[in-house]
Amino acid sequence: MTMHPSIAMFERAGDCLAIGGISVDRLAERVGSTPFFAYDRRLMTSRVALLRSVLPADIKLSYAVKANPMPAVVQHLAGLVDACDVASALEMKTALDTQLPPSHVSFAGPGKTTAELTQAVAAGVTIEMESPNEAARVVEIGNRLGIRPRVAVRVNPDFQVKGSGMRMGGGPQQFGIDVEEVPSLLSRFATADLDFLGFHVFAGSQNLHADILCEALTKNVALLLKLADECPWPVRYLNLGGGFGIPYFDKDRPLDLAPIGECLGELMERAIRPRLPEARVVIELGRYLVGECGVYVTRIVDRKVSRGKVYLVVDGGLHHQLAASGNFGQVIRRNYPIVVGNKLRATDVESVSVVGCLCTPLDILGDNVALPRAEVGDLIVVFQAGAYGLTASPTAFLGHSMPVEVLV
Ligand SMILES: *Cc1c(COP(=O)(O)O)cnc(C)c1O
């Protein structure tokens, strides 16, 4: 059996998986309780280095904090990337607590409250405006505070990106301002007291197809350059989005970065630089930077057989790691990569179902998976827990306690 590429990224210590160089059984003792999330800082560092080696040198990298807002993780990444994108006031606070200057923090997302916008204007972060109403509120807040808000317009393109796990652009959307409405919006706000920086487009997430991503980037650039031509202000910022995916399931192949690097190189050289020589050009990634760098570790509390089927019942579940249970945007439930973290070398494999401790049949972490024979006390490790793990899960379910998070 070939090993899933995300499992192969981690080191081993004898029989055990190692995270941050620490074997998982020792790490469980150090954390003091299960379940927990552990993120490997070295893997994050090498992921950023990989991107830097492939992308053109003058493309800036922004980390989309919502993928993993653990303050220590954001702090670590802030030292590696050029910027952070946030989607709430709390995420903004976490980003502002790092070494990044406020000008390198951008705030996107529909439904920003007036209180959040006020904090953003006062902080001096870049507000990616998602509607005319939001734009009007930003102007008003700026006038009231006597501060010129730094703004960009998030554009909803007039095309869709195929092959994305989640579509967030094209057609009617709660995200961004429809491209055909942008010129009139800009002229309406031409005399407003705004520090207008440029444009942002983010049209989809979790895409594993380099050719489709290249096509989307090319179209995004054409779209934004056309808007720049009609813009009453000089354009100093182009955020091209991202949507780079990671391989969750058996048949998924890792994203081939090389063609994307080439495509961006050509776009920079032929399209963007001749027209906007000084603009900050940004790629914004969440999942791709952290998703594969984290695991969810949960301990087996019961082993039972029901009518011939083996169940391993663990002390965690979908309340901590909803995505692995298949209830976060999956249509057909498929298993995330999973191992018995302290029995990597065992060969007596059996087919089991790993279920969480919640009283719902939805609480499945692995359905009919081949694992070495495991007993009560063994540690189940679920991969791909570095992005949209704890942050995207209903942690208060059944009143169970919060899992610990460690960056090692
Ligand atoms: C969610 C989001 C991202 C990050 O998406 P990933 O798939 O995690 O890379 C980037 N930009 C915006 C505006 C987002 O909403």
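Leaving aside residues up to four places away in sequence, Asn220 touches Phe159, Val201 and Leu240, where a contact means heavy atoms within 4.5 Å. Asn220 sits in helix α9, residues 210–229, and with a relative accessibility of 5% it counts as buried. Buried here means under 20% relative accessible area, exposed means over 50%, and partly exposed is what falls in between (1.4 Å probe, protein chains only).

Before going on, a word on what you're looking at: this is a predicted model, with local features needing pLDDT of at least 70, side-chain atom pairs counting only at pLDDT 80 or more, and totals for chains, interfaces and linings using all residues. Residues are numbered from 1 along each chain as its sequence is written, and side-chain values use heavy atoms, with hydrogens and water left out.

Now zoom out. The protein has 12 helices and 22 strands; these are DSSP runs numbered from the N terminus, with helices being H or I of at least four residues and strands E of at least two. Its radius of gyration is 23 Å, close to the 22 Å that the globule rule gives for 408 residues, so the protein is as compact as a globular protein of that length. That radius is taken over C-alpha atoms, and the rule is 2.2 Å times the number of residues to the power 0.38. Along the principal axes, the C-alpha atoms fill a box of roughly 70 × 45 × 35 Å. Of the 408 residues, 58% count as buried. Among contacts with a separation of 6 or more, 71% are between residues 24 or more positions apart.

What about the cysteines? The disulfide count is 0, taking a disulfide as a pair of cysteine sulfur atoms within 2.5 Å. Cys293 is in no disulfide, and the nearest cysteine sulfur, that of Cys84, is 15 Å away. Cys293 is buried at 2% relative accessibility, and Cys16 is buried too, at 7%.

The backbone has a few spots worth a look. Thr34 and Pro35 are joined by a cis peptide bond, with omega about -5°, and Pro35 lies in the loop between α2 (24–31) and β4 (36–39). Gln206 isn't a glycine, yet has a positive phi of about 55°; you'll find Gln206 in strand β13, residues 204–207, buried at 14% relative accessible area. Asn368, also not a glycine, has a positive phi of about 50°. Asn368 belongs to strand β20, residues 364–372, and is partly exposed at 47%.
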